[in-house]
Amino acid sequence: MGLKNLHYRSKIYEFLMVPAIVSREDKYMWKDLRQDQKELLLDMQPYYDQLYQALLPLKSKLVAVGLFEEATVGLAPLLYLYLLEKGEDPSNLEEVLKYLRALDTDQILYCLELKLSAGKVANRSQEDLLAFLEASDKSPENKWYWYQAIQHPEQLRDRLAFLLEEVFKLYQPIYDQFEQEVLVFEKDFSLSDMFDDEALKAKLLGNETHVFVLSPIFIDFFFEKIPDFSSYFLVVSTRSSQVSQTGSELDDETLALTLKTLGDETRYKVLIELIQPHAKNKDIAKKLGLTRASISFHTQKLLNSGLLELVMDDDSVKYTVNKKLIQKIIDKFNQDLK
């Protein structure tokens with residue numbers, strides 16, 4: 001029980017996230033950040049650019065087997081979480097590839113169903129999974145990738161492991177530049193620096209929670225409870241809290257970027273739906289005529305802007321509006337327009 005903050009696990013998880021970088025349409029994940037926030041990341045931008053260019057020749061192959069879809073990190077990290085859930089604990093990158101290559105057809109199909117259904121697994125047959133896929137809201141391109149994955153799970157496993165081995169070689173010298181920063185952050189890590197919600201902190205401490213600390217190549221910060229797994233997963237970058245705390249005063253630039261985030265009609269509708277009781281991505285997607293991947297994408301944008309905050313409700317992650325930020329916006333309008 002409690003936090004499991006182990007460096008080798010963080011390193012493995014980060015390396016498995018790397019392929020998602022080249023899958024995204026936006027080259028820079030932080031393009032919507034304020035100038036003062038971007039300044040916190042200036043030292044790593046050349047390394048990010050170097051990594052992005054190095055990954056480009058592998059892009060089409062990675063997209064075909066990674067099953068990314070907008071804001072998601074892909075299949076590889078989920079396979080690793082599955083290994084941890086069933087008691088396997090590879091201690092380095094070479095071992096995790098060995099464990100991934102040892103997964104059998106049923107295990108791969110289980111993880112595919114878990115990712116596809118985003119909920120409890122019903123142990124569907126391949127035929128049932130294909131029918132479930134056909135009825136899903138995925139784009140035709142993504143359906144094709146999924147169809148190949150379900151039809152040929154062992155080929156998917158082998159191709160993914162081969163590509164990950166290539167990615168690991170490309171990423172190692174870049175990770176080396178920031179590994180010491182990760183080690184220091186892990187040593188000083190505190191939930192109080194991440195969350196104000198006491199119920200959420202108590203829930204994480206009262207259950208087995210894997211903490212994955214990422215280098216500043218990533219600015220991700222998210223919490224996940226996979227429905228079919230017993231553990232919780234907290235992913236945080238060494239600089240995500242710095243980025244979120246920078247510019248706490250609502251200046252003109254912050255106001256403009258916040259309004260820009262809300263200025264997207266679809267994103268505003270997603271915000272309203274997310275804060276409703278018992279909100280679920282699949283129900284929101286159906287109501288708004290969007291894919292679940294799109295809901296995840298807009299949710300991450302709202303979290304990055306500070307408009308949404310995480311709270312814990314039983315075993316589920318819920319969201320609430322950042323009322324302090326909304327009040328600051330109202331106060332600024334009252335002050336500027338008087």
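How many of the seven residues of strand β2 (residues 208-214) are buried?

## Strand β2 and its neighbours

In this predicted model, strand β2, which spans residues 208-214, is mostly covered, with six of its seven residues buried. On one side of the pairing record for this strand, three bridges join β2 to strand β1 (residues 2-4), and the two run parallel; here Lys-4 has His-210 of β2 as its bridge partner.

Strand β2 is also joined to strand β4 (residues 232-237) by six bridges, again in a parallel arrangement, and Val-213 stands opposite Val-236 of β4.

## Packing of helices α1 and α6

Helix α1 (residues 7-17) packs with helix α6 (residues 75-85) at an angle of about 150 degrees, their axes lying 8 Å apart. Because angles over 145 degrees count as roughly antiparallel, α1 and α6 are therefore described as roughly antiparallel to each other. From α1, the contact is made by Arg-9, Ile-12, Tyr-13, Leu-16 and Met-17, while α6 contributes Ala-76, Pro-77, Tyr-80, Leu-81 and Leu-84. Sorted by class, this contact comprises nine nonpolar residues, one charged residue and no polar ones.

## Nonpolar cores

The largest nonpolar core contains 86 residues, and those with the most contacts inside it are Tyr-13, Leu-112, Ile-150, Tyr-171, Ile-217 and Phe-229. Leaving aside residues up to four places away in sequence, Tyr-171 touches Glu-14, Phe-15, Val-18, Leu-51, Ser-215, Ile-217 and Phe-218.

Terms used:
Residues are numbered from 1 along each chain as its sequence is written. This is a predicted model: local features need pLDDT of at least 70, side-chain atom pairs count only at pLDDT 80 or more; totals for chains, interfaces and linings use all residues. Side-chain values use heavy atoms; hydrogens and water are left out. Axes are lines fitted to C-alpha atoms, for helices over the stretch in contact, and angles run from 0 to 180 degrees between N-to-C directions. Helices (H or I, at least four residues) and strands (E, at least two) are DSSP runs, numbered from the N terminus. Angles under 35 degrees count as roughly parallel, over 145 as roughly antiparallel, 65 to 115 as roughly perpendicular and the rest as oblique. Contact means heavy atoms within 4.5 Å. Ala, Val, Leu, Ile, Met, Phe, Trp, Tyr, Cys and Pro count as nonpolar, Asp, Glu, Lys and Arg as charged, and the others, Gly among them, as polar. A nonpolar core is a set of buried Ala, Val, Leu, Ile, Met, Phe, Trp, Tyr and Cys residues joined through side-chain atoms within 4.5 Å. Buried means under 20% relative accessible area, exposed over 50%, partly exposed in between (1.4 Å probe, protein chains only). Two strands pair if DSSP finds at least two bridges between them.
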